[in-house]
Amino acid sequence: MINFRPLTLEDRDLVRKYTYKSQRRNCDLSFSNLYSWRFLYDTEIAEQEDYLFFRFKYGGETNYMFPVGNGSVCRAIFLLREDAKSRNEPLRMMGVCSYVQDIVKNGCPANFQFSLDRDRSDYIYLHTDLATLSGKKFQQKRNHINKFKATYPNHKYHPLTPHLIEECLALQEKWFQANEGEKDESMISEYQSVRNALTHFEELELSGGVLYVDNELVAFTFGNPINEETFDICVEKADREIQGAYAMINNEFAKQIPEKYIYINREEDLGIEGLRKAKLSYNPILLLEKYSVLLEYDR
């Protein structure tokens with residue numbers, strides 16, 4: 001039996017002990033995401049037999065992430081199956097990457113059903129691409145930035161520090177109110193997640209950036225590492241009335257991220273057409289496909 005317990009801030013170092021050494025790049029493993037979204041998913045964790053296990057609620061059903069660690073894959077799957085059985089439920093996993101799919105199929109033969117979840121696939125970019133925007137494929141992005149600089153000569157970019165959190169929260173509130181007609185449960189949940197992360201900015205060891213125009217904050221962003229070579233951009237918000245603000249803060253923050261992070265994960269598009277178009281426009285080197293997995297069995 002797996003001894004799950006609720007995820008807390010004190011689990012930060014435990015989670016990173018496993019994720020930083022992992023080759024997994026999916027944004028679901030960012031501790032900031034795990035913590036700031038726990039209110040929605042009732043996220044639980046357990047450390048057992050050289051693995052870190054995650055259990056959560058989604059759509060009213062119990063789900064699991066594929067465990068992170070270096071033990072026996074089949075043993076880890078067996079433990080998940082037993083936990084699901086104890087709840088009289090099938091084993092459901094979400095966020096399972098394609099190469100993990102191969103490990104499961106080859107290492108633990110069973111009647112797994114894999115379903116590609118395109119809306120939750122992650123966009124992975126080369127750090128150098130986002131920081132330099134060099135080459136013909138980024139000409140339009142450079143044009144957006146140059147127009148922003150010409151239109152707003154009194155702009156300034158700064159690293160995000162704790163004393164700027166209140167201004168970021170104010171912009172988040174302004175952005176939320178400005179999208180009154182688009183509000184749904186997902187937007188409300190994201191609003192709460194951003195507040196959770198910013199409120200615990202230091203404890204989560206986040207890094208980020210802010211953009212000012214005429215001494216008014218018009219954009220902010222933040223993130224943290226997923227593993228030793230991949231940095232996750234958790235949030236990026238900007239005043240929609242300031243054209244080019246998104247492109248500008250995207251580029252400035254990419255320059256700030258340490259060079260040791262070769263890849264930048266800009267997370268999913270959630271099936272939102274405009275968001276998908278924007279993420280594709282930055283020329284990802286990889287669309288990290290993620291699958292939902294179901295294992296039915298005699299109970």
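**Around the largest cavity**

Strand S12 (230-238) and helix H10 (245-256) each supply at least two residues of the lining of the largest cavity. Helices here are DSSP runs of H or I with at least four residues, strands are runs of E with at least two, and both are numbered from the N terminus. The model is predicted: local features need pLDDT of at least 70, side-chain atom pairs count only at pLDDT 80 or more, and totals for chains, interfaces and linings use all residues. Residues are numbered from 1 along each chain as its sequence is written, and side-chain values use heavy atoms, with hydrogens and water left out.

How many cavities of 30 Å³ or more does a search of the whole structure find? One. A cavity is a set of points on a 1 Å grid, over the protein atoms alone, where a 1.4 Å probe fits but cannot get out; lining residues have an atom within 4 Å of a point. The largest cavity holds about 50 Å³ of space. That volume is the space filled by probe spheres set on the points, which are joined across faces, edges and corners.

Leu130, Thr221, Ile233, Glu236 and Ile249 are among the lining residues. Asn250, Phe253, Ala254, Ile264 and Arg266 also belong to the lining. H10 gives the largest share, four residues.

Stay on H10. Lysine 255 and glutamate 252 both lie in this helix. They are three residues apart, about one turn of the helix. Their side chains meet in a salt bridge, at 3.8 Å from N to O. A salt bridge is a side-chain nitrogen of Lys or Arg within 4 Å of a carboxyl oxygen of Asp or Glu. The two ends differ in cover. Lysine 255 counts as partly exposed because its relative accessibility is 47%. Glutamate 252 counts as buried because its relative accessibility is 18%. The cut-offs are under 20% for buried, over 50% for exposed and in between for partly exposed (1.4 Å probe, protein chains only).

Lysine 290 and glutamate 268 meet in a salt bridge at 3.4 Å, N to O. Lysine 290 is in strand S15 (residues 290-295). Glutamate 268 is in the loop between strand S13 (263-265) and helix H11, 22 residues away. Is lysine 290 buried or exposed? Lysine 290 is buried, because its relative accessibility is 2%. Glutamate 268 is buried too, with a relative accessible area of 13%.

Lysine 21 sits in the loop between helix H1 and helix H2 (31-36), and 207 residues separate the pair. Lysine 21 is exposed, because its relative accessible area is 61%. Glutamate 228 is partly exposed, at 43%. In total the structure holds 26 salt bridges. Arg12, Asp13, Arg16 and Glu205 are linked in a network of them.

Of its 16 lining residues, Ser22, Gln23, Val68, Gly69 and Asn70 are the closest to its centre. A pocket is an open set of grid points with protein on both sides within 12 Å along at least five of seven lines. H1 (12-19), strand S5 and helix H5 (98-107) each supply at least two lining residues. H5 gives the most, with three.

Glycine 71 is partly exposed, because its relative accessible area is 24%. Glutamate 49 is 22 residues away in sequence, yet 6.6 Å away in space, C-alpha to C-alpha.

Strands S2 and S3 form it with two residues between them, and glutamate 49 in the turn has a positive phi of about 50°. S2 and S3 (residues 51-58) pair antiparallel over five bridges; two strands pair if DSSP finds at least two bridges between them. Glutamine 48 has tyrosine 51 in S3 as its bridge partner. S2 (residues 44-48) is mostly covered: four of its five residues are buried. S2 also runs antiparallel to strand S1 (residues 5-6), joined by two bridges. There, arginine 5 stands opposite isoleucine 45 in S2.
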